[in-house]
Amino acid sequence: MGSMTDVLLRVGRLNYVWTNTESLLIYIIAHMLAADKETAVVVFLTLNTTRARIDLVERLAKRAATPPAEREVILALMARLKKEAKVRNKYNHSIYSFDERGDISSTQLMRLVETDSEIRYGKVEQMDARELGQLEQSIAEIAEISKALWAFIHASPRLRGSCRCLVPSAPTLVAASATLRLPFGRTFVPPAFVTRHGKDEVPC
């Protein structure tokens with residue numbers, strides 16, 4: 001069982017890294033549309049679901065006009081983001097059951113699953129050490145996706161100097177040093193991040 005504090009702390013961290021990472025799609029949209037940031041913000045906010053925003057980015061990447069290397073990077077990142085979206089949605093659309101000590105014992109997903117002959121709802125999963133470990137892995141993976149998106153934005157000739165990117169403060173980001181291969185004929189080694197007001201701010 002997971003203590004309420006431990007579980008809710010992790011869910012809070014999950015939402016924190018997710019929100020910061022999803023907001024980076026604004027710059028990906030700006031890059032793909034060759035638009036300014038303000039236009040990209042309008043597009044991003046008009047599409048009021050994560051699924052719609054990811055769908056747009058994927059469809060823009062699949063255009064014949066998109067360079068193959070760029071398409072490959074963007075589609076791979078969106079696939080990773082969609083996988084983690086399932087985890088985020090699970091914890092934001094579940095109710096929590098408690099044991100006699102007040103610890104969270106399980107989650108129950110409040111979403112319908114419809115087949116040809118029936119509907120089901122309320123999938124129950126135990127909140128045990130394994131589940132907490134998977135939640136930590138998801139947080140770390142979203143932080144890695146954020147790092148990769150930021151590197152793409154940093155390397156984009158269309159976006160250079162036009163934004164300041166905010167990415168989540170997470171150990172996986174602060175310690176990152178692996179060279180990233182980017183679709184603009186460049187490689188990028190993430191610098192040390194400067195933490196300001198709980199986020200890492202670096203110029204694109």
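Predicted model: local features only at pLDDT ≥ 70, side-chain atom pairs only at ≥ 80, totals over all residues.
Residues are numbered from 1 along each chain as its sequence is written. Local features need pLDDT of at least 70 and side-chain atom pairs pLDDT 80 or more, while totals for chains, interfaces and linings use all residues, and side-chain values use heavy atoms, without hydrogens or water.

**Stop 1: H2**

Select residues 25–33, helix H2. Helices here are DSSP runs (H or I, at least four residues), numbered from the N terminus. Eight of the nine residues of H2 are buried, so the rest of the structure largely encloses this helix. Buried means under 20% relative accessible area, with a 1.4 Å probe and protein chains only. Among the buried residues are Tyr27, Ala30 and His31.

**Stop 2: H2 against H5**

Two packed helices are described by the angle between their axes and the distance between the axes. The axes of H2 and H5 are 13 Å apart, at an angle of about 155 degrees. Axes are lines fitted to C-alpha atoms over the stretch in contact, and angles run from 0 to 180 degrees between N-to-C directions. H2 is therefore roughly antiparallel to H5 (the label for angles over 145 degrees; under 35 is roughly parallel, 65 to 115 roughly perpendicular, the rest oblique).

Which residues of H2 meet H5? Show Leu25, Ile28, His31 and Met32. Across from them, in H5, are Glu70, Ile74, Met78 and Leu81. Contact means heavy atoms within 4.5 Å.

**Stop 3: Ile74**

Center on Ile74. Leaving out residues up to four places away in sequence, Ile74 touches Ile28, Met32, Val57, Ala61 and Phe152.

**Stop 4: H1 against H5**

On the H1 side, the contact includes Val11, Leu14 and Trp18. On the H5 side, look for residues including Ala85, Arg88 and Tyr91.

**Stop 5: the core**

How many residues are in the largest nonpolar core? There are 37. Such a core is a set of buried Ala, Val, Leu, Ile, Met, Phe, Trp, Tyr and Cys residues joined through side-chain atoms within 4.5 Å. Residues with the most contacts inside this core include Leu25, Val57, Met78 and Leu149. H1, H2, H3, H4, H5 and H6 each give two or more residues. Finish on H6, residues 129–155. H6 gives the largest share, nine residues.

Key:
Buried < 20%, exposed > 50% of the residue type's maximum accessible area, 1.4 Å probe, protein only.
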